[in-house]
Amino acid sequence: MTVLQKKADNPIEHLTPEDIELIGKELDDIRQSVIDTRGENDARYIRKVIDVHRKIELGSRAVLLASGFPPAWVVGTIGLSVAKILENMEIGHNILHGQWDWMRDPKIHSTTWEWDMASPADQWKHSHNELHHTYTNVIGKDNDLGYGIMRVDEDQPWQPFHLGQPIWSFINACFFEYGIAAYDLELGAVVAKKQTKDPEFRARAKAVLRKIGKQVAKDYVAHPLLSGPNFLPTLAANFTANLVRNLWSNSVILCGHFPEGVETFEKKSIDGETRGEWYLRQMLGSANISGSQAMHIMTGNLSHQIEHHLFPDLPSNRYAEIAPRIRDLFDRYGLNYHTAPLPQQVGSAWHKIIRLSLPNGWLELTNRRNLLSQLAVLYKMTTGSPKVRRTLQRKLTAGVRLTRAAAA
């Protein structure tokens with residue numbers, strides 16, 4: 001297995017093939033221990049979360065009928081935002097992973113659940129469960145890493161259009177559910193290959209448009225109309241709740257795979273990959289968020305992203321229970337268990353987005369004293385020919401080496 005990011009120290013160089021397979025065996029044992037003890041407590045948990053979500057949503061929508069009264073607007077909007085986050089993160093995402101299929105409850109099953117999201121459940125399950133969780137952080141295979149719109153690794157050649165990466169990343173965060181729908185459709189690739197008339201694509205596109213139509217009718221027509229004279233405040237409340245949900249879910253997803261120090265992998269690294277190597281890739285390619293139980297629930301327990309990627313089909317409420325055993329495994333084999341509070345992980349992810357929107361080493365070498373000269377270099381790389389970009393990139397890379405050598 002080859003880590004794509006070029007580093008002076010390979011984080012798995014000390015592991016032997018035997019070590020990796022032992023890690024896999026220990027993780028299989030941890031997984032089985034949860035499967036053997038799933039039961040009524042777990043079923044009670046998910047049913048309670050669903051019940052709480054529905055009460056919060058109904059209560060918030062009732063309060064918003066009087067949304068012309070500012071306190072009612074604030075309370076209703078906060079409540080609806082919380083309800084939408086709960087439904088997407090702890091309920092929808094995890095049900096669609098099949099985490100609760102063992103209950104054999106047709107109302108809480110991955111084959112029947114449809115969530116409050118622009119992307120139809122069946123399309124999301126294919127792109128997320130089948131592709132992302134199989135090819136986690138493999139450049140060119142896992143499009144969840146950057147959703148196909150970001151430069152996500154230093155080895156990806158920098159192009160001038162990458163300068164806009166922070167802007168379109170923020171826009172994508174604001175309308176995240178629609179970005180996911182487009183990603184699930186593989187819209188960019190379909191348009192690039194001029195396959196928009198393909199019958200299969202058209203069928204999937206129609207399904208997405210129908211789903212979006214239902215979402216729009218519910219949030220921006222039916223509910224505001226029920227508010228009568230408070231139509232516009234209620235419409236604004238629904239828009240705000242969707243915006244909050246999108247920004248929150250985008251932040252959680254960024255924290256799971258994009259902070260500095262999370263590894264990415266070459267396509268060839270998965271050739272002949274063993275079960276132990278697959279586990280190791282999930283361990284190195286994921287990051288956790290530390291925090292309270294309430295925060296874990298509001299992230300859909302994706303704050304335990306490492307545990308989730310190791311065992312995506314285990315009940316989310318069990319991740320906190322097995323996390324100490326997973327961390328102990330990391331420690332015993334000399335691996336970095338990447339965890340930090342939410343603000344730190346979000347900041348790290350956005351730092352990486354900005355850093356990779358610029359040529360390699362540019363941000364690291366730039367300070368107040370040399371800002372003008374560095375901006376001149378950036379201008380030349382943006383407007384110059386590919387040959388000019390390559391020449392200046394080599395100079396930046398050499399400068400980084402000298403700076404790091406001096407600091408050492």
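## Charged and polar side chains in a predicted helical model

Arg275 lies in helix α10, which covers residues 275-284. The model described here is a predicted one. With a relative accessibility of 41%, Arg275 counts as partly exposed, and the side chain of Arg275 makes a polar contact with the side chain of Tyr279 at 2.9 Å. Although Arg275 and Glu21 are 254 residues apart along the chain, their C-alpha atoms are separated by 7.5 Å.

### Salt bridges

The structure holds 22 salt bridges.

| Pair | N to O distance | Relative accessibility of the partners |
|---|---|---|
| Arg31 and Asp313 | 2.6 Å | Arg31 22%, Asp313 28% |
| Asp105 and Arg47 | 3.3 Å | Asp105 15%, Arg47 38% |
| Glu321 and Arg318 | 2.8 Å | Glu321 46%, Arg318 8% |

The side chains of Arg31 and Asp313 meet in a salt bridge at 2.6 Å, N to O. Arg31 belongs to helix α1 (residues 17-35), whereas Asp313 sits in the loop between α12 (305-310) and α13 (319-332), so this pair ties together parts that are 282 residues apart in sequence. Arg31 is partly exposed, and Asp313 likewise counts as partly exposed.

Asp105 forms a salt bridge with Arg47, with 3.3 Å between the closest N and O atoms. This pair also links distant parts of the chain, since Asp105 is in the loop between α3 (70-96) and α4 (121-132) while Arg47 is in helix α2 (residues 40-63), 58 residues apart. Here Asp105 is buried, because its relative accessible area is 15% and buried means under 20%, whereas Arg47, at 38%, counts as partly exposed.

Glu321 forms a salt bridge with Arg318, the closest N and O atoms being 2.8 Å apart. In this pair Arg318 counts as buried at 8% relative accessibility, while Glu321 counts as partly exposed at 46%.

Beyond these pairs, a network of salt bridges links Glu57, Arg61, Lys84, Asp116, Glu177, Lys218, Asp219 and Arg245.

### Buried polar and charged residues

Asp184 lies in helix α6, which covers residues 176-184. Asp184 is buried yet has no salt bridge, and the nearest side chain of opposite charge, that of Arg204, is 8.3 Å away. The side chain of Asp184 instead makes polar contacts with the side chain of Ser119, at 2.4 Å, and with the side chain of Ser127, also at 2.4 Å. When neighbours within four places in sequence are left aside, Asp184 is in contact with Ser119, Gln123, Trp124, Ser127 and Arg204.

Asn246 lies in helix α9 (residues 231-257) and counts as buried at 2% relative accessibility. Not counting residues up to four places away in sequence, Asn246 touches Ala173, Cys174, Phe175, Phe176 and Glu177. The C-alpha atoms of Asn246 and Val75, which are 171 residues apart along the chain, are separated by 19 Å.

### Positive phi values in two loops

Arg104 has a phi near 55 degrees, a positive value in a residue other than glycine. Arg104 is placed in the loop between α3 and α4, and with 68% relative accessibility Arg104 counts as exposed. Asn137 has a positive phi of about 60 degrees, although Asn137 is not a glycine either. Asn137 is found in the loop between α4 and α5 (165-174), and with a relative accessible area of 0% Asn137 is buried.

### Packing of α16 and α17

Two packed helices are described by the angle between their axes and by the distance between those axes. Helix α16 (residues 371-383) and helix α17 (residues 386-407) pack at an angle of about 145 degrees, with their axes 9 Å apart. On the α16 side the contact is made by Gln374, Val377, Lys380 and Met381, which meet Val388, Arg389, Leu392, Gln393 and Leu396 in α17. The residues of this contact divide into five nonpolar, two polar and two charged.

Methods
Residues numbered from 1 in each chain as written. Predicted model: local features only at pLDDT ≥ 70, side-chain atom pairs only at ≥ 80, totals over all residues. Heavy atoms only, no water. Helix = DSSP H or I, 4+ residues; strand = E, 2+ residues; numbered from the N terminus. Buried < 20%, exposed > 50% of the residue type's maximum accessible area, 1.4 Å probe, protein only. Lys, Arg positive; Asp, Glu negative; His and termini not counted. Salt bridge = Lys/Arg side-chain N within 4 Å of Asp/Glu carboxyl O. Polar contact = N/O pair within 3.5 Å; in protein donor to acceptor, adjacent residues only side chain to side chain. Contact = heavy atoms within 4.5 Å. Axes fitted to C-alpha atoms, helices over the stretch in contact; angles between N-to-C directions. Nonpolar A, V, L, I, M, F, W, Y, C, P; charged D, E, K, R; others polar.
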